[in-house]
Amino acid sequence: MTQQPSYLILGAGVFGVSTAYTLIQQYPSAKITLVDRDAFNAPSRVAASWDWNKVVRADYSDIVYCKLALEAQDVFRSDPLYKPYFHESGIFWVCRDDYAKEVLENYKKLGRKADLKAVSVEEAKKLYGGLFEDADYSGGVQNVLINLTSGWANAGDALIAVTKKCVELGVEYIVGDVETLTFDSSGAVCTGVKTAKGDVYIADKIILSTGAYTARLLEQSARSSGKKDISAGGRIVAGGITTGMATLDEESHKRFKDMPVGVQGYTASTGPFIGSLPPTRDRELKWWGQKIFKNTQNVLGTPLSAPPNTPDYNQWNVSPKLKQDIDYANKVFYGKKGATWKMEKHRICWDAFTTSSDFIISPHPSCPSSLYVATCGSFHGYKFFPVLGKYIVQMMQGVLEHELKDKWAWDRERPDEKLNPDWPRWEMKELEGERARL
Ligand SMILES: Cc1cc2nc3c(=O)[nH]c(=O)nc-3n(C[C@H](O)[C@H](O)[C@H](O)COP(=O)(O)OP(=O)(O)OC[C@H]3O[C@@H](n4cnc5c(N)ncnc54)[C@H](O)[C@@H]3O)c2cc1C
């Protein structure tokens with residue numbers, strides 16, 4: 001019998017956990033280890049994947065992600081592991097360009113029948129008992145996309161459930177703060193990691209799924225090893241975005257409990273799309289804001305964007321300016337209906353970003369048979385949780401189909417960031433205002 005390689009997966013967000021789950025099913029006797037700075041059931045985690053809820057939709061103008069999201073949704077709907085966490089609430093997407101048309105065409109091209117259509121603004125205002133009648137339809141709104149088969153997931157709960165399953169099947173979960181990657185004397189093989197406490201973990205295959213921290217970790221590794229070509233070199237940018245929640249009073253809850261996910265779509269010249277998610281079981285309605293920002297800092301002499309360098313990324317320390325961003329999001333969805341809701345639970349969520357919003361799922365060219373990069377959710381990665389591992393493992397086995405291999409490559413032509421509405425266009429310090437002076 002041939003000996004299975006051992007695997008060390010850094011980061012237990014959706015990219016890392018999905019990889020662990022696929023690997024342990026394919027190689028039940030392999031040594032597979034997940035390392036994360038937070039316990040998987042910690043009361044607060046820095047992972048972007050750890051959240052009350054995330055949108056699960058296949059409404060994409062890019063047909064590759066449309067297809068992939070449909071595949072993931074099929075799992076969310078049918079697999080007993082994921083099913084309890086998926087809510088098919090529908091989506092209400094205010095479109096300021098051809099988005100609805102492109103999504104409808106993609107479903108058609110893929111031969112998928114679903115309950116989705118584009119409706120006029122007048123018609124949309126009457127839907128769902130008029131919940132969105134006071135929304136903002138200015139700025140060239142063309143129509144509203146209604147897809148009854150889209151929805152959302154209890155993100156953190158699903159992440160915990162799948163992680164627990166991995167552990168039951170034999171994956172080891174280690175809490176540790178990884179400081180650097182380690183290499184053999186030739187530098188061509190990544191051998192493992194060293195943590196801030198000095199613990200060393202080794203394996204044959206190292207998978208880097210460290211989300212927003214990835215560029216920083218690679219830079220630290222470049223410095224400690226002298227291997228300059230290990231750096232991300234601008235391919236991966238950490239971006240932050242604010243979320244906020246309001247606990248609805250009973251009357252509002254009655255009205256909003258069956259609402260769809262709301263999305264306000266904008267164009268690259270205006271700004272990123274804004275979203276609002278239906279109330280959780282604790283009656284909390286959520287928004288994400290429109291201000292997406294970098295946090296450029298000097299990491300060992302190299303300027304790069306990374307989350308604040310504290311164990312919790314300062315994620316609960318949200319400035320008044322960023323809180324206002326959530327108030328703005330409330331206004332553009334609900335107008336006067338939401339004017340008296342009290343905003344609570346603000347959080348800054350950090351994700352790794354590429355200019356094209358494509359993931360990076362690729363061998364690292366500096367150590368191609370031992371180090372793999374699998375992250376860069378670019379603010380839309382959660383919904384692919386059930387299928388990410390399949391494609392990451394295909395990449396490691398060298399059998400990823402060409403289209404995906406090229407799209408998710410470490411080295412590829414990348415579009416101008418200005419073409420991407422979701423590209424971070426602020427620096428965090430510009431948005432800190434009063435908080436910075438406290
Ligand atoms: C505000 C916001 C809203 C979003 N909404 C949606 C949505 O509605 N739908 C959707 O599909 N996607 C959404 N996304 C995107 C999605 O959440 C991310 O793309 C996805 O979760 C990224 O997964 P990941 O595994 O790459 O990273 P993460 O989930 O961030 O996980 C990375 C893990 O690595 C660990 N780690 C990092 N550095 C180290 C280290 N040095 N040592 C040890 N551990 C380390 C962290 O602790 C973390 O657990 C949203 C993102 C944000 C920020």
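Reply: Before the sheet, one term: two strands pair if DSSP finds at least two bridges between them. Note also that this is a predicted model.

Me: What is the bridge partner of Val35 in E9?
Reply: Strand E2 covers residues 32-36. E2 and E9 pair in the parallel sense, over four bridges. In E9, the partner of Val35 is Ile174.

Me: Why is strand E5 largely enclosed by the rest of the structure?
Reply: Ile91, Trp93 and Cys95 point one way from E5, while Phe92 and Val94 point the other way. The residues on both sides are buried. E5 is largely enclosed because the number of its residues that are buried is five of the five.

Me: Which residue in E7 stands opposite Cys95?
Reply: E5 and E7 (residues 143-147) pair in the antiparallel sense. Five bridges join E5 and E7. Opposite Cys95 stands Asn143.

Me: And in E15, what is the bridge partner of Trp93?
Reply: E15 covers residues 261-264. E5 and E15 pair in the parallel sense, over four bridges. The partner of Trp93 is Val263.

Me: At roughly what angle do the axes of helices H1 and H5 cross?
Reply: Two packed helices are described by the angle and the distance between their axes. The axes of H1 (residues 14-26) and H5 (residues 155-169) come within 9 Å. The crossing is left-handed. The angle is roughly 35°.

Me: How many residues of the contact of H1 with H5 are nonpolar?
Reply: H1 brings Val14, Val17, Ala20, Tyr21 and Ile24. H5 brings Leu159, Val162, Thr163, Lys165, Cys166 and Leu169. One residue of the contact is polar, one is charged, and the number of nonpolar residues is nine.

Me: How far apart are the end C-alpha atoms of helix H8?
Reply: H8 has 15 residues, 320-334. At 1.5 Å a residue, they should span 21 Å. The model agrees: the end C-alpha atoms are apart by 21 Å.

Me: Which strands do the buried residues of H8 pack against?
Reply: Among the buried residues of H8 are Leu322, Ile326, Ala329 and Phe333. Asp325 and Asn330 of H8 are buried too. The strands they pack against are E14, E15, E16, E17 and E21.

Me: What follows H8?
Reply: The residue that follows H8 has a positive phi. That phi is near 50°. The residue is Gly335.

Me: Is Val193 buried or exposed?
Reply: Val193 sits in strand E11 (residues 190-195). Its contacts beyond four places in sequence include Leu8, Leu10, Val35 and Tyr201. The cut-off for burial is 20 or more other C-beta atoms within 10 Å. Val193 has 23, so it is buried.

Note on methods: Residues numbered from 1 in each chain as written. Predicted model: local features only at pLDDT ≥ 70, side-chain atom pairs only at ≥ 80, totals over all residues. Helix = DSSP H or I, 4+ residues; strand = E, 2+ residues; numbered from the N terminus. Buried ≥ 20, exposed ≤ 12 C-beta atoms within 10 Å, placed from the backbone. Axes fitted to C-alpha atoms, helices over the stretch in contact; angles between N-to-C directions. Left-handed = near helix turned anticlockwise from the far one by under 90°. Contact = placed C-beta atoms within 7 Å. Nonpolar A, V, L, I, M, F, W, Y, C, P; charged D, E, K, R; others polar. Expected span 1.5 Å × (residues − 1).
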